[in-house]
Amino acid sequence: MIFQKRAKKNIDANFHIDNEPVEIVQNYTYLGTVISSTGNFSLALDKLKEKALHALFSLRKHTNLSKLSPFLANKIFDAMISPILTYNSEVWGAYTKSDLKSWDSTQIEKSHLQFCKRYLEVSNKASNVACRAELGRFPLIIAINQKIMNYSSYLLSKDNCSIVKQIFLMSQDLHHAGENSYYSNIISMSEYYDFPCFDLTYLTNVKIKHYVGLTQQKYILYWQHTMQNSTKLEFFNTFKNDYTPSSYLGLTNKLSERKELVKLRIGNHKLRIETGRYDQIPRVNRLCPICASNQIEDESHFLIYCNKYSILRNKFYEKIEHIIPNFKQLSPLQAISELMTSSDHYINIQLTKYISSCLHLRNILLSNQTNVT
């Protein structure tokens with residue numbers, strides 16, 4: 001293999017071993033990682049994604065992930081799928097973009113997000129940050145950065161005569177000479193996450209743990225900023241305040257209707273506020289199609305206001321009022337917060353059934369309108 005920035009099909013060079021010609025190749029798999037002559041890891045990441053998705057499909061074939069608790073589903077992913085996706089990321093991880101927005105478009109994180117969305121039973125169009133937040137999961141780049149720092153510390157602890165130590169020091173020299181290198185990318189990563197007093201030569205386990213905490217804090221700030229500036233997540237932003245698995249997932253995981261609650265929470269539903277987005281209808285014109293209120297059909301209208309669901313709503317309120325006293329007297333924002341953040345098993349069960357019943361009625365009413373037309 002001849003390493004060069006741009007691969008050339010016809011190379012004017014011949015290599016022999018005992019008069020036997022040696023084939024010149026563009027890619028070679030070594031210890032499970034595809035090495036390309038250009039130094040690019042794209043093909044290697046494609047292969048990791050392929051292996052991870054194969055494992056995920058095999059897992060889903062034998063286990064209904066959505067019926068598991070979030071804790072158990074996360075644990076299975078971290079034990080069986082994540083090691084495949086992050087294999088050898090101590091090396092290739094340093095050459096990926098550190099910024100959180102670009103990371104979502106990588107093959108590795110797409111596979112991670114596929115797990116999150118399959119567990120939640122939402123479509124691929126569902127918000128990435130919302131799906132991770134519901135499960136309390138951080139993007140895999142954070143775990144990869146931790147592996148990079150651990151590996152760097154390990155390399156520096158090797159004897160100077162060690163080949164890998166010498167290569168690492170060469171990478172350091174290239175960085176100081178103004179050339180981009182493995183070492184340069186680690187420094188860039190530390191700058192992106194604003195690591196204080198970052199020094200690769202003094203990376204202890206305590207410092208690495210502290211830096212991992214800082215990357216998680218930076219991601220949480222990124223998540224909050226994304227929610228606050230996303231019209232799609234406007235409803236989600238009114239009640240999702242902590243970055244932990246949402247309690248309702250473990251309380252309603254045995255119900256087939258749970259996915260309707262998930263979709264309503266993260267804006268992956270069929271209300272006009274969402275479908276109008278894809279039809280390029282101005283927000284103010286995404287009106288409720290089943291009532292004459294002339295109001296936008298958003299999540300709050302659906303849950304609290306629409307008079308077409310008043311009978312179902314009153315029955316639902318009667319069932320939960322003994323748990324939340326004076327529920328009917330709460331403001332709409334307070335009522336939504338109480339419902340969406342409740343850790344009470346009974347309330348979550350009733351909320352799930354209420355939403356499912358309303359959606360069923362909505363489909364009937366829309367169908368009748370179509371038949372009349």
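How many nonpolar, polar and charged residues does the lining of the second largest cavity have? By class, that lining has three nonpolar, one polar and two charged residues; here Ala, Val, Leu, Ile, Met, Phe, Trp, Tyr, Cys and Pro count as nonpolar, Asp, Glu, Lys and Arg as charged, and the others, Gly among them, as polar.

The model is predicted: local features need pLDDT of at least 70, side-chain atom pairs count only at pLDDT 80 or more, and totals for chains, interfaces and linings use all residues. Residues are numbered from 1 along each chain as its sequence is written, and side-chain values use heavy atoms, with hydrogens and water left out.

Rolling a probe the size of a water molecule over the atoms shows where empty space is left. A cavity is a set of points, on a 1 Å grid over the protein atoms alone, where a 1.4 Å probe fits but cannot get out; lining residues have an atom within 4 Å of a point. Grid points are joined across faces, edges and corners, and a volume is the space filled by probe spheres set on the points. Two cavities of 30 Å³ or more are present in the structure.

The second largest cavity holds about 30 Å³ of space. Its lining consists of Glu-260, Lys-263, Leu-264, His-269, Ile-355 and Leu-359. Two or more of these residues come from each of α13 (258-266) and α18 (345-372); helices are DSSP runs (H or I, at least four residues), numbered from the N terminus. The most is given by α13, with three residues.

The largest cavity has about 40 Å³ of space. Around it lie Gly-93, Ala-94, Thr-96, Ser-98, Asn-145, Ile-148, Asn-185, Ile-186 and Met-189. This lining contains four nonpolar, five polar and no charged residues. At least two residues each are supplied by α8 (140-156) and α10 (182-192), and the largest share, three residues, belongs to α10.

The helices α8 and α10 also pack against each other. Their axes come within 12 Å and cross at roughly 130°, where axes are lines fitted to C-alpha atoms, for helices over the stretch in contact, and angles run from 0 to 180 degrees between N-to-C directions. The two helices are therefore oblique to each other: angles under 35 degrees count as roughly parallel, over 145 as roughly antiparallel, 65 to 115 as roughly perpendicular and the rest as oblique. Their crossing is left-handed, a term for a near helix turned anticlockwise from the far one by less than a right angle, with right-handed used if clockwise. In contact (heavy atoms within 4.5 Å) are Asn-145, Ile-148, Met-149, Tyr-151 and Ser-152 of α8 with Tyr-182, Ile-186 and Met-189 of α10. This contact has six nonpolar, two polar and no charged residues.

Phe-168, Ser-171, Gln-172 and His-175 of α9 make the contact with Tyr-182, Tyr-183, Ser-184, Ile-186 and Ile-187 of α10.

Elsewhere, α2 (residues 70-80) and α6 (residues 107-120) pack at about 155°, with axes 12 Å apart, so α2 is roughly antiparallel to α6.

Terms used: 1 Å grid on protein atoms, 1.4 Å probe; cavity = no way out; pocket = protein on both sides within 12 Å on 5 of 7 lines; lining within 4 Å.
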